[in-house]
Amino acid sequence: MTNQVGLHARPATFFIQKANEFKASIWIEREERKVNAKSLLGVLSLGVVKGGEITVIADGEDENEAVDALIHLIESNFGEGDAT
């Protein structure tokens, strides 16, 4: 995670909205916890901060597209400019 606040509030909302565009079941894994990527409470409960690492897992007909889109969203700093 490269954005200043990690995966909290606004970035988490963008992430969840993007995840909900896909039919696949999508999860985020951090350390040994795995949560539904389409659940705001689940995503926020992971407490992902800048520099934190997550794994995006998807299962379903559009799983590859879902993972690619979510990784692109993270790498683009959630459309909020410079990641530093």
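Trp27 has Asn36 of β2 standing opposite. In this predicted model, local features need pLDDT of at least 70 and side-chain atom pairs count only at pLDDT 80 or more, while totals for chains, interfaces and linings use all residues. Residues are numbered from 1 along each chain as its sequence is written, and side-chain values use heavy atoms, with hydrogens and water left out.

Strands β1 and β2 (residues 33-36) run antiparallel and are joined by four bridges; two strands pair if DSSP finds at least two bridges between them. The two strands form a hairpin with two residues between them. Glu31 is found in that loop between β1 and β2, and has a positive phi of about 55 degrees although it is not a glycine. Is Glu31 buried or exposed? Glu31 is exposed, with a relative accessible area of 69%. Here buried means under 20% relative accessible area, exposed over 50%, and partly exposed in between (1.4 Å probe, protein chains only).

## Rings and a charge

Back at Trp27, look for Lys34, which lies over the face of the Trp27 ring, at 4.9 Å from the ring centre. A charge sits over a ring if NZ of Lys or CZ of Arg is within 6 Å of the ring centre and within 35 degrees of the ring normal.

How many aromatic pairs does the structure hold? The count is zero. Rings of Phe, Tyr and Trp (its six-membered ring) pair if their centres lie within 6.5 Å; planes under 30 degrees apart count as stacked, over 60 as edge-to-face and the rest as tilted.

## The two sides of helix α3

Helix α3 (residues 63-75) has 13 residues and reaches 18 Å from its first C-alpha to its last, close to the 18 Å expected at 1.5 Å a residue. That expected span is 1.5 Å times one less than the number of residues in the helix.

Which residues of α3 are buried? They are Ala66, Val67, Leu70, Leu73 and Ile74. Seen down the helix axis, the buried residues of α3 fall within an arc of 130 degrees, so they line one face of the helix; the arc is that of the directions from the helix axis to the C-beta atoms. An α-helix has 3.6 residues a turn, so residues three or four places apart point the same way. On the other side of α3, you will find Asn64, Asp68, His72 and Glu75 exposed.

## What α3 meets, and what follows

The buried residues of α3 pack against α1 (9-19), β1 (25-30) and β3 (55-59). Phe15 is found in helix α1, and is buried, with a relative accessible area of 0%. Although Phe15 and Ile74 are 59 residues apart along the chain, their C-alpha atoms are separated by 8.1 Å.

In the segment after α3 comes Asn77. This residue has a positive phi of about 60 degrees although it is not a glycine, and Asn77 is buried, with a relative accessible area of 4%.

## The whole chain

Stepping back, the chain has three helices and three strands, in the order α-β-β-α-β-α along the sequence. Helices (H or I, at least four residues) and strands (E, at least two) are DSSP runs, numbered from the N terminus.

Of the 84 residues in the chain, 37% are buried. Among contacts with a separation of 6 or more, 63% are between residues 24 or more positions apart; contact means heavy atoms within 4.5 Å.
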